[in-house]
Amino acid sequence: MNLLRLIPIFDNSVSSWGLEARLLRWLTLTWMFIGLIILFSASYPVADARHGDGLYYFKRQILWAIASLIIFNIIVNLPLRKILGVSHWFLIFFLMLIFLTLIPGLGKKAFDAARWIAIGPIPIQPSELIKPFLVLQSATLFGQWEKRPWGIRLSWLGVFGLVLLGILAQPNLSTTALCGMTIWFIALAAGIPYKYLVGTAFGGLLLALLSISIREYQRKRIMSFMNPWADATGDGYQLVQSLLAVGSGQTWGSGFGLSQQKLFYLPIQDTDFIFAIFSEEFGFIGGILLLIMLAIFATLGLIIALKSKNITSKLVAIGVVVVMIGQSLLHIGVTTGALPTTGLPLPMFSYGGNSMVASLLSSALLIRVAREGSEAEVVLLRKTPSETRPRRRFF
């Protein structure tokens, strides 16, 4: 095995890929490259203040990106059936880690939420890493729904329910909502009867309302979202500072590295509110270009899904589009005040190795589906005796 193929720039097989797979590969690498540049700018002041090294977060993100790219290239060169064959084990593993984060002393807290667990020196956020495997297992279940007995169906639906409840208990309402929407859209694309879809959507809405009603900080976020200026120095502070960053970018932005809000005015500007810093430095034009890039990614993903002949592969493609684009739009909606404030990273922009791994793994799955959809098997047909007999010429 040529180990250099694990590094994307040395993978010579790319030239033989179909058009959609090659376009998606370059779009993914461009997205990651732009994200690293924005993270460098957004994280420099806070890294310098906390660690005495402005490149502290950037250098770690580079290491995570390199490790993620190796995983990325393994996935794009691995048959999807083999990935699907082991995806359920990874789902169960990360589900167990999610519940381990809830045990006092094991789960690492940040902003009153226990979302991390340390495996040696490496912090693991299982709610991020489980997303691509949730897509794979949902596609496997709903793609073969009619062939599965009710016992298997209910067992996996129960596992999905545990995933959502475990993430919600951390608490992490935004990631719970994203994972729930991903499963729901995959089921919708698979043609699951509407009575089940309507029932689960209603149940998810009730669960979200219950979470908001029993957690005071979530209620405060809803109230501050409706009118952040009413308490601009309290509960509405973060959203107000984010809106100031977005608004001050105007048409063309203040310029790369010239954001003022990142100078300790806007909290967690390198993760949950990194789009605000991007908007301040690159303005309305930069924001539109980013949305165009997301639209191209989504369009390619849907084209890949439509071209796929296998229902499970089709559902994997749809699930990846929902995760990547849905999470991006939710993040942008939060930073621009269109949605209530919540903690959701912008894929491949926000600081965090787990998010980088999950994002590149998801993109790799979509590229793998594209490759298998475009690499049609060539079957040699044997000629019949009449086809091999010389033809008479009449001229």
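The structure is a predicted model, in which local features need pLDDT of at least 70, side-chain atom pairs count only at pLDDT 80 or more, and totals for chains, interfaces and linings use all residues. Residues are numbered from 1 along each chain as its sequence is written, and side-chain values rest on heavy atoms, with hydrogens and water left out.

The chain contains 13 helices and 3 strands; these are DSSP runs numbered from the N terminus, with helices (H or I) of at least four residues and strands (E) of at least two. The radius of gyration is 23 Å, close to the 21 Å given by the globule rule for 395 residues, so the chain is as compact as a globular protein of that length. Here the radius is taken over C-alpha atoms, and the rule is 2.2 Å times the number of residues to the power 0.38. Along the principal axes, the C-alpha atoms fill a box of roughly 95 × 50 × 40 Å. Of the contacts with a separation of 6 or more, 72% join residues 24 or more positions apart, where contact means heavy atoms within 4.5 Å.

Turning to the interior, 48% of the 395 residues are buried. Buried means under 20% relative accessible area, exposed over 50%, and partly exposed in between (1.4 Å probe, protein chains only). The largest nonpolar core has 92 residues, and Leu91, Phe142 and Val316 have the most contacts inside it. Helix H10 (residues 274-307) gives this core its largest share, 13 residues. Such a core is a set of buried Ala, Val, Leu, Ile, Met, Phe, Trp, Tyr and Cys residues joined through side-chain atoms within 4.5 Å. Beyond its neighbours within four places in sequence, Phe142 meets several residues, including Leu157, Phe160, Ile183 and Leu315.

Thr182 lies in helix H6 (residues 173-190) and is buried, with a relative accessible area of 2%. Residues up to four places away in sequence aside, Thr182 touches Val135, Gly319, Val322 and Val323. Arg221 sits in helix H8 (residues 216-226) and, at 29% relative accessibility, counts as partly exposed. Setting aside neighbours within four places in sequence, the contacts of Arg221 are Thr341, Thr342 and Gly343.
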